[in-house]
Amino acid sequence: QAVLAYGTRGAMGGLSEEADRSRGHRGRDSREPSRDRNHGHSRSRSRSYEAPTKNGKPDDYGVDTMKITDDDAAFILGKGGKTKEKISRVSEAEIELFERELILEFRGSKVQRRRARKYCEGVMALRTGPVNVTEDYNDNDLTMLNVPQETVGFVTGRAGNFLRTIESEWGTLMFFCEVGQGGRSKDFEKLAIFGSVRGRRGAELKVLSAVETKSPGYFNKIREEVVGRDRGMDSTGTWGTDTMTFQDDELSYALGKQGSTRKKLERASQAIVQYVGHVALFSGTRHERRRAKEYMRWLFGQLEGPVYVNGWQDRDDCTVVEVPSDCIGYITGNRRATLGRMEEAWGTLMFFMTKDGDKGGRQGWSEQLIIFGNERGRRGAELKCMNEIERKAPGTFTKGLREKITDTRGFDTDRICIKEDELSYVIGKEAATQKKLETAAGSILQFVGRYAFIAGSYKERKRCKEYIGWLLQQLRSAVTIADVSSRDDCTEMHIPMNCK
């Protein structure tokens, strides 16, 4: 009996993990050496993250090796293999650990291999003492930050957990170190942050936010250095940092409950948004910073009255939905709970806008809901709004609607009509089947009345329509997939009849 598992690589990850365990896979987490070095030696090679390249391998692609000790191997691998994966991700190199031969192999461009070796040497040095960072450590991948001695423990966290959390969030590698031959300062510890420009800046500002909490006023001493760091160092040449200063009562509003407003602005604008004391820092390209500051101004503008975005039709970062007046409360929810859930789910910023003097909302027929964010996030939030409005006021969007299939290779939306008696089956209990289809296909799937709106790239849309077709076919007969071997979105498993 053959069983097919369909989905993107991430969606099928659980299956892969089970298969890995059956082959003797073992791993470690963070930088703790494993306590089970004597188990799982049937597997001599451990493969890590592979950095994608645009046109195959770079011109200077090559392989380097490094001999290590048994204790170093445990430290490099880390619990669950996470340390090796992190080094591979930050360096963008492929890393393989040959555990029997105790050899590390680095594959990638010259710079990628150099960075991977450097990071591994730094992690191994942590096992025996402080890492000494010299000038040749910087391959345009290093930020050095002075951390006051009294805040080092707070920044590190218990067993290094706070630093590890920042590393995971921003895709960086971080450790305290000594610089050159000068030894350690009594007043400060040097924190080395390795990674991309964006990752380093996000991690740096997160650390500074924690430092400022423990040592108020420290940021003002190094403000010029921090704000000016890495200016123009990205691929667009417009990378930089802008600031805003808040009063006490403004800061809590800008932060939001558990930082929700800050995170919302960050995701919607795609800039790094962080608060250090009373200062908001916006890091990113010129366009990202401009968007973040505009969103912040509109956010505060709502405290004084209705906000209207002039020229929204010419912007490429927003979508507007006309919400009938009798649906406004339903879409907003109690204390804005429904809008907040949509914003969190899709990484968007959403608010109702009204021109001065216009009759909107409950006084007029409808009010405009504006959605800010990237294209996929905006479309997902828009379709969710349409779903809710159609449920409350049937026919608002589906009256006269027809199916639509496009052959656009990039991001677009297809519509297919589902029969009334099949609709509940495709959606499933509490939308479980809908979410399963959406996750497996990698597309956005939302139902507006009887119409399934499928948004994504051409491949994502095609997969989703196929999965819906197979799902409905199961209601009538067994499903046969003829092209399994040629597909890149499925895994085939043969199940014995007595285990079915």
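Biologist: In this predicted model, how many of the five residues of strand β17 (residues 444-448) are buried?

Modeller: Five of the five residues in β17 are buried, leaving the strand mostly covered.

Biologist: Which residues of β17 point one way, and which the other way?

Modeller: In a regular strand, side chains alternate between the two faces of the sheet. Here I444, Q446 and V448 point one way, while L445 and F447 point the other way. Residues on both sides of β17 are buried.

Biologist: In what sense do β17 and strand β18 (residues 451-456) pair?

Modeller: The pairing is antiparallel and runs over five bridges. Within it, Q446 stands opposite F453 of β18. The two strands form a hairpin with two residues between them. In that turn, G449 has a positive phi of about 65°.

Biologist: Which residues of helix α13 (residues 337-346) are buried, and why do they line one face of the helix?

Modeller: An α-helix has 3.6 residues a turn, so residues three or four places apart point the same way. In α13 the buried residues are T338, L339, M342 and E343. Viewed down the axis of α13, these buried residues fall within an arc of 135°, so they line one face. The face turned away from that buried side carries the exposed residues R341, E344 and A345.

Biologist: Against which elements do the buried residues of α13 pack?

Modeller: Their partners are the helices α10 (260-269), α12 (328-332) and α14 (375-392), together with the strands β14 (349-353) and β15 (366-372). After α13 comes G347, with a positive phi near 65°.

Methods: Residues numbered from 1 in each chain as written. Predicted model: local features only at pLDDT ≥ 70, side-chain atom pairs only at ≥ 80, totals over all residues. Heavy atoms only, no water. Buried < 20%, exposed > 50% of the residue type's maximum accessible area, 1.4 Å probe, protein only. Helix = DSSP H or I, 4+ residues; strand = E, 2+ residues; numbered from the N terminus. Arc of directions from axis to C-beta. Contact = heavy atoms within 4.5 Å. Pairing = 2+ DSSP bridges.
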